[in-house]
Amino acid sequence: MIHEFTTANGLKVIGIESHKSPVVSVQIWVRNGSADERPGEEGISHFIEHLLFKGTKKFKVGEIASMVEACGGEINAYTSYDQTVYYITISKNFFPNAMDAIYEMVAHPLFDPEEIDKEREVVIEEIKRSHDSLSRRASRLLFSSMYVDYPYQIPVIGYDEVVKSVTPEHIRTFFKERYSTENMFLVVSGDFSKGDLEKQTEKTFAQIAPTKLQERPRKEIHLIDKKTVRVEHAPFEDSILYMAWPGTNVLDDDVAAIECLALILGQGTSSRLVRRLRLDEPLVKSIGSGAWTPTTRGFFSISSSFNPDMLERVLSGIRAVLESFFEHGATAEELYKAKVNFLSDEAYSLETVGGLAQKFGGNYDVAHDIYFHKKFYAQLESVKLSDLQRVARKYLDPNKMLLTFVTPQDTAPAEKLLQEWNFKQPKLQSEYQKELVVHFQSPSVSSQDVAPVKAETYKSGLRAFYRTSSVAPVFNFRLAALGGSRVVGAEQAGLTELVSRVWASQTKTYSENEYREKLDRLASSVYAFSGKNTFGLVVDGLKESETELAHFFSDTIFNFSIDPRIVEREKHMVRESVRARKDSPAQVAILNFNKLMFAGHPYGIDSLCEGNSLDHIGAQDIEKYISNYLSSANMVGVLSGDFDFSIWHKQMQEVSEKFSKKTSEIKMLPLAPLGKNEWRYEKADKEQTHIVYGFRGVTITSQERYALQVMEAILAGQGGRLFLELRDKASLAYSVSPLRLEGMDTGYFATYIGCSPDKADTALKMMKEELMKLVDATVGEAELERAKNYLIGGHDIGLQRNASLASAIAFNEIYGIKASEVFDYAQYISKVTSEDVQKAARQLFTQKHVVSVVGAKEPSPAPWL
């Protein structure tokens with residue numbers, strides 16, 4: 001049920017009542033973004049987003065996040081070009097708390113000068129982090145080149161010189177002028193009543209004194225009007241290429257056809273660009289196409305990430321795809337697939353209250369119409385093959401094309417190649433096929449029908465769990481087996497990564513192209529996964545497609561076919577990932593940490609490869625691995641969502657019979673304690689230093705894991721100690737967090753931070769201090785309760801998704817933990833005492849430690865050895 005009303009002070013309120021789960025999402029949308037800033041204000045909107053968390057009349061610094069997390073909720077915000085959004089997801093029992101928190105943020109922020117100065121450092125760290133990101137650099141080059149003298153040229157995050165110099169008075173004035181009730185709207189979705197919404201709105205947002213909105217008329221928008229090339233050198237291993245053409249806005253009648261064109265060309269594993277440049281020939285690590293359609297004017301783009309040596313071949317492949325599309329057009333099957341995939345988004349969006357709020361909020365933001373998505377779907381259903389050809393020729397003009405390229409190599413050769421490159425729009429040679437009809441009925445947002453979990457044990461010992469729910473017409477099936485990288489030695493490192501890449505790619509029934517085409521047509525997926533301790537298959541799909549998806553699952557597990565050609569292709573892609581790993585220094589820091597923490601154990605082996613280990617892995621090794629570890633006694637199946645029990649029950653009976661005679665012995669692999677403190681530094685030409693500092697932890701089944709989870713929650717979140725001490729108070733970093741891993745044999749507990757090199761020594765010292773505080777003193781009752789509620793609330797919010805529930809039950813059962821713990825989680829966490837936390841801290845943090853550092857400058861290692 002949808003509710004709409006406007007308060008006396010002019011605030012629009014939208015309520016989406018849905019009793020699917022006992023959770024609510026509260027969002028305040030502010031129609032102000034970085035595009036509303038004037039020269040000298042670049043980044044002020046994003047800065048204000050940060051500052052609204054830094055104290056109000058009612059809440060001191062950190063108290064809003066602490067209060068929300070103490071209620072088991074999640075709070076965050078984001079700033080874009082055209083809007084800023086603040087949101088909380090929380091149990092329905094704390095709906096008033098969520099309303100009060102966001103009301104205080106947008107009505108009574110303090111903008112304390114001292115806190116403003118502290119937060120400047122945090123935002124500057126965030127800017128530095130963006131400079132170390134290849135994707136951010138490429139996106140910035142794209143936008144700054146596409147728009148001519150328009151605010152979209154400027155990064156949303158702004159410039160550090162503005163953040164350093166903007167005054168508290170300027171911030172207060174900007175806030176007062178832009179955060180007017182007529183420039184904001186409230187969206188609430190989830191388990192509430194209209195009366196609840198009206199009552200809580202009247203107590204909070206309706207009390208905001210109306211202020212006059214300071215209009216900020218934007219310049220007339222101009223995009224490039226001729227072929228333009230921009231090449232930028234940057235210190236990365238990989239490169240990113242964008243091809244972009246001036247597009248249109250979200251209200252244009254062409255949008256549905258443009259979106260279909262984007263999906264056909266470069267979305268999904270059966271799309272033309274992915275097939276041509278990633279599957280048929282592995283030229284790129286990733287490639288895709290999309291349309292950005294804001295309320296002003298956006299663009300259509302093709303983006304790809306690859307080894308810079310491949311530029312010429314990538315360009316050739318893209319040209320072939322584009323010219324083939326112009327010459328032969330799209331097929332009826334491709335258009336059908338595009339429509340089904342877009343229409344299926346409606347079903348998937350119903351799983352969470354946050355997804356509902358985002359959808360309806362986005363509708364109102366761009367069109368002042370909460371039902372705008374229905375108009376888009378109606379437009380989508382009417383798109384014809386001739387429309388695709390028309391919009392492709394209209395928008396993909398080779399004479400109005402932007403080519404941007406970020407590369408670690410000399411820019412001159414790339415710029416020359418891009419200046420010379422182009423494509424043609426040959427005349428259409430094929431007749432349009434008869435179009436396939438797509439009918440779509442929007443599912444309900446308010447019905448609720450969730451059954452208890454049903455457990456089945458089949459004759460062979462295979463266990464399965466079924467949980468039916470009509471919350472959304474989607475389901476998730478997960479089949480998990482013990483195995484993972486821990487059963488593979490260094491000589492075959494990378495084997496399980498290849499299993500996850502090639503197992504669900506083709507069968508004896510379907511070729512790779514047929515397999516991917518059919519799944520994309522169903523707007524669903526079947527894929528393999530592999531971790532340190534497990535591997536398996538996942539089916540994620542629509543209720544209406546479950547019969548076909550059950551067949552796909554059966555075919556993938558019984559008739560899988562490992563093609564040596566696909567194996568060699570994926571080995572090449574793994575090597576490419578290893579080559580470019582330095583582009584992700586945080587990932588490198590964690591990898592090095594694992595190598596030291598788990599030296600001599602499979603957990604310390606690089607799961608992608610060790611040396612030339614990939615050279616020794618072939619299709620037969622993958623087949624052998626899957627066959628060895630798939631046994632009824634070693635597998636668990638879990639199905640959650642809207643499905644027909646009889647279909648999947650039959651499938652699991654067949655699986656049980658097929659693998660009933662097989663056994664897989666999984667041995668424990670003990671690991672000796674660390675004999676000394678370990679330190680590793682790796683130099684990286686980056687603006688930030690990444691540090692991981694930690695200790696050996698416990699196993700998955702250890703009873704102490706609950707205390708460690710509470711300990712992690714004490715440190716985590718915006719109300720946690722690491723955030724409050726190292727970010728809020730000391731302004732050391734934008735990103736700081738605890739890390740926790742529990743494996744079958746051992747685990748770790750660690751802290752991570754990304755900060756400027758000159759702050760690294762202080763960061764390490766303070767991370768240690770925070771851990772030692774847990775050793776030296778028990779946690780106070782209020783802080784302990786906050787941590788417990790944060791865990792329990794996050795757990796419950798996560799279980800809105802079928803995938804999360806299926807995963808939690810499957811992994812519990814496979815590790816010997818009762819499936820029921822997923823639903824009884826609050827009981828286990830509630831029993832943890834402050835003494836339990838201190839005992840766990842003393843057990844862990846008095847051991848030898850490991851420090852892994854990646855950055856431009858090495859901190860002093862002496863205190864840590």
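This is a short tour of a predicted model, stop by stop, for you to follow in your viewer.

**The whole chain**

How does the radius of gyration compare with that of a compact globule? For 865 residues such a globule would have a value near 29 Å, and the chain has 27 Å, which agrees.

Switch to a cartoon view and you'll be looking at 30 helices and 22 strands. Of the 865 residues, 59% count as buried. If you draw contacts between residues at least 6 apart in sequence, 83% of them join residues at least 24 apart.

**Stop one: Thr79**

Select residues 74-79, which make up strand E4, and pick out Thr79. Is Thr79 buried or exposed? Its relative accessible area is 13%, so it counts as buried, the cut-off being under 20%. Show side chains here, and you can find a polar contact of 2.6 Å between the side chains of Thr79 and Glu49. Glu49 is also one of the residues that Thr79 touches beyond its sequence neighbours, along with Ser45, His46, Thr84 and Val156.

**Stop two: Asp149**

Next, go to the loop between helix H5 (134-146) and helix H6 (160-165), where Asp149 lies. Look at its backbone: phi is near 55 degrees, a positive value in a residue other than glycine. Most residues other than glycine have a negative phi. Asp149 is partly exposed, with a relative accessible area of 48%.

**Stop three: Leu261**

Select helix H9, residues 255-266, and find Leu261 in it. At 1% relative accessibility, Leu261 counts as buried. What does Leu261 touch, apart from residues up to four places away in sequence? Its partners are Phe300, Phe325, Leu388, Val391, Ala392 and Leu396.

**Stop four: H25 and Ser731**

Move on to helix H25, residues 721-729. Its buried residues are Arg721, Leu722, Phe723, Leu726, Arg727 and Asp728, so colour those to see them together. Then step past the end of the helix to Ser731, in the loop between H25 and strand E20 (733-742). Ser731 has a positive phi of about 55 degrees, although it is not a glycine.

**Last stop: Leu805**

Finish in helix H28, residues 802-814, by selecting Leu805. Leu805 counts as buried, at 1% relative accessibility. Setting aside neighbours within four places in sequence, Leu805 is in contact with Arg467, Ser640, Leu799, Val822 and Phe823. For one more distance, pick Asn476: 329 residues separate it from Leu805 along the chain, while their C-alpha atoms are 8.9 Å apart.

Notes. Residues numbered from 1 in each chain as written. Predicted model: local features only at pLDDT ≥ 70, side-chain atom pairs only at ≥ 80, totals over all residues. Heavy atoms only, no water. Helix = DSSP H or I, 4+ residues; strand = E, 2+ residues; numbered from the N terminus. Buried < 20%, exposed > 50% of the residue type's maximum accessible area, 1.4 Å probe, protein only. Polar contact = N/O pair within 3.5 Å; in protein donor to acceptor, adjacent residues only side chain to side chain. Contact = heavy atoms within 4.5 Å. Rg over C-alpha atoms; globule rule 2.2 N^0.38 Å.
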